[in-house]
Amino acid sequence: MRDIDYLRLLSDSFPTKRSALAEVINLKAILSLPKGNEFFFSDIHGEYQSFRNLVRGASGVVIAKIRDSFEDEMSYEEQLSFANLIYYPDRTLTKLKRKKVLEPGTPSGDAWYRKTIERLIKFCRVADQKYTRSKVRKKLPDDYGYAIDELINADDSIDKAKYYAGFLDAIIEIQAADDFIITMCNLIHNLFIDKMHIIGDIFDRGPRADYVMDEIMKFSDVDIQWGNHDINWMSAAAGNEASIATVLRIATSYNSFDVLEDGYGINLRPLSMFAAEVYADDPCDCFKPHLLDSNKYDSVNPELVAKMYKAIAIIEFKLEGQLIKRHPEYELEGRLLLDKINIDKGTVTIDGNEYPMLDTNFPTIDWNDPYKLTDVEQELIDNLRYSFKHSERLQEHIRFLYSHGSTYKIYNNNLLFHGCIPMDENGDFHSWTVPEGEYSGKALMDYLNAKVIDAYFLRDDDPKKADSLDLMWYLWNGPVSPMFGRDRMAIFERIFLEDKSLSEELNNSYYEFSKQTEYCDNIFKEFGMDPERAHIINGHIPVQVKKGEKPVKADGKLYIIDGGLSKAYHETTGIAGYTLIFNSHHLALAEHKPYVAGEENSPDIHITEVMPARLRVCDTDSGNEIKSKIADLGELIECYNLGLIKEK
């Protein structure tokens, strides 16, 4: 029997034998329900509109269920209109009113509201079939929760018909129909996605990673496996100067000023003034930004953006050089390139070979000490560090990444991580020696997880914090980083050298070995999983669909679900990313189309694996937790029977 003190604590929640028995009955009934829908997203990269569209449409599941549920009631056009209402209720209602399709306060307007709410009630019943009433209630808002609960659980008795009709009459009469419809649509979003997994890289490239975080934080059951871009932002928010410079270099290169200034309140005026002065007569041709998105709140002249891009890139190279010199164990001396520049010849020496540079105007570099910041650069980075550490909204988002994130997660026989489990050229787990010891495989992932936590939560005066914070920068771009998984980050080469073969980044051996079932099985055994039932799910490396590459590998044991949601990758992949959907019947991949506002662009869904039998809650990790609770309650009931614990 368990520790009697623990059972006494449990008795506070179930003070009588009868209450404990009632809970056992409830829990055993839950075990027989169908497994909830899990949705896996990866490499969102700030593409807020695309991500929101996928989440609100459950990656095509909502429109498919509408067609099944209303095939005999609605035309194809009506189905699309109803789907758009569910996706974007506030926007759709405004549009209908503007076009005079909906006129509140008129008989036709009241009829439209009644019909629409009745359809939403019917559709909620479709969406909540896998849940207990208590679980649905937890997803309901406080204000309209009672009314929605009554309506979606209404019976067919004649005696209650007027009661239910009275709800609709009151909603319309007091002009609360718009709010009620919006609330019901938001409930539907939450019902179709029971659990959300984000397999890394929420940040960078796209316009509004802050909006993506807001959308993710609306869901009650979500986990995140950190990607290298997430780690970079987490490091910057904790005050790592090299990471701050990297974040700003990427943001300026993709013209992403709204997320920095409007989203997180980062003051970029000092950087723009510094860049405009130092590079006043420099066209900065090597630093033209990618103009994939337009800034809505802070439009910056592209010529000035190029100067800002160059200014922060030089600062980044200096700060990275300082960090690499502090940590010889990182073995990144080959990335120290500023001191390899021959400014008189206009060349740089890499791996013993000399290459001409496309840009040799470096007014802020002291060639006697090329990695030293100027006084003005140091003042600039100090101000930026203050902005990052004191941005309330950024810190709120970063804390959420910590509270819901990790280097990897095992859930329902699936191993989730962003990049790779580092391997050597022989297919063995790469062993990395650090001051604390030697780590590989699962032990390496656990070690890095602890260090990431230390970097943010240790006190600034703790000597371990600085090293942990530097390690965060390494995880962004280090060869042994599971989040990065490449031999180097060749930013310098991409910017300054014409021969693009010099900027090639070689993938870790994991990406070849993991295509073979035996190596996947080795990974499953390393993490204590059953190779017969397990899957690996990761992103990071875009699947080049237009070249014939498939996202499912190793006879169905490996799913790489980075299909290029970011607009920067659409041309490379030929699609706009994937969602992996795991319901009670099957695993399926939703293949996204590029998002175009106002167009119907639901993903194409392809079933990849059918379950031998329909999965129930008892077959899941949540079911195992429930079984453990049932066992605890059984022991509590036995204590009541034996008189070891008195009923209250």
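Visitor: Why are helices α2 and α26 called roughly antiparallel to each other?

Guide: In this predicted model, the axes of α2 (residues 17-31) and α26 (residues 621-642) cross at roughly 160° and come within 9 Å. Angles run from 0 to 180 degrees between N-to-C directions, with axes fitted to C-alpha atoms over the stretch in contact, and those over 145 count as roughly antiparallel, under 35 as roughly parallel, 65 to 115 as roughly perpendicular and the rest as oblique. The two helices are therefore roughly antiparallel.

Visitor: What makes up the contact between α2 and α26?

Guide: Contact means heavy atoms within 4.5 Å, and the residues that make it include Leu 21, Val 24 and Leu 27 of α2 and Ile 626, Ile 630 and Leu 633 of α26. The residues of this contact divide into 12 nonpolar, 2 polar and 5 charged, where Ala, Val, Leu, Ile, Met, Phe, Trp, Tyr, Cys and Pro count as nonpolar, Asp, Glu, Lys and Arg as charged, and the others, Gly among them, as polar.

Visitor: How do you know what to count, and where do the numbers come from?

Guide: Residues are numbered from 1 along each chain as its sequence is written, and side-chain values use heavy atoms, with hydrogens and water left out. Because this is a predicted model, local features need pLDDT of at least 70 and side-chain atom pairs count only at pLDDT 80 or more, while totals for chains, interfaces and linings use all residues.

Visitor: Why does Thr 92 count as buried?

Guide: Thr 92, found in helix α6 (residues 89-98), has 14% relative accessibility and therefore counts as buried, since the word means under 20% relative accessible area, with exposed over 50% and partly exposed in between (1.4 Å probe, protein chains only). Not counting residues up to four places away in sequence, Thr 92 touches Asn 84 and Leu 85.

Visitor: What makes helix α12 mostly covered?

Guide: In α12 (residues 209-216), 6 of its 8 residues are buried, namely Ala 209, Asp 210, Val 212, Met 213, Glu 215 and Ile 216. These buried residues pack against α3 (48-56), β2 (195-198), β3 (222-225), α15 (257-263) and α19 (392-403).

Visitor: How do you know that β5 and β6 pair?

Guide: Two strands pair if DSSP finds at least two bridges between them, and strand β5 (residues 347-350) and β6 have 4 bridges in the antiparallel sense. In an open sheet of 3 strands with the order β4-β5-β6, β4 (341-342) and β6 (353-356) are the edge strands, each pairing on one side only.
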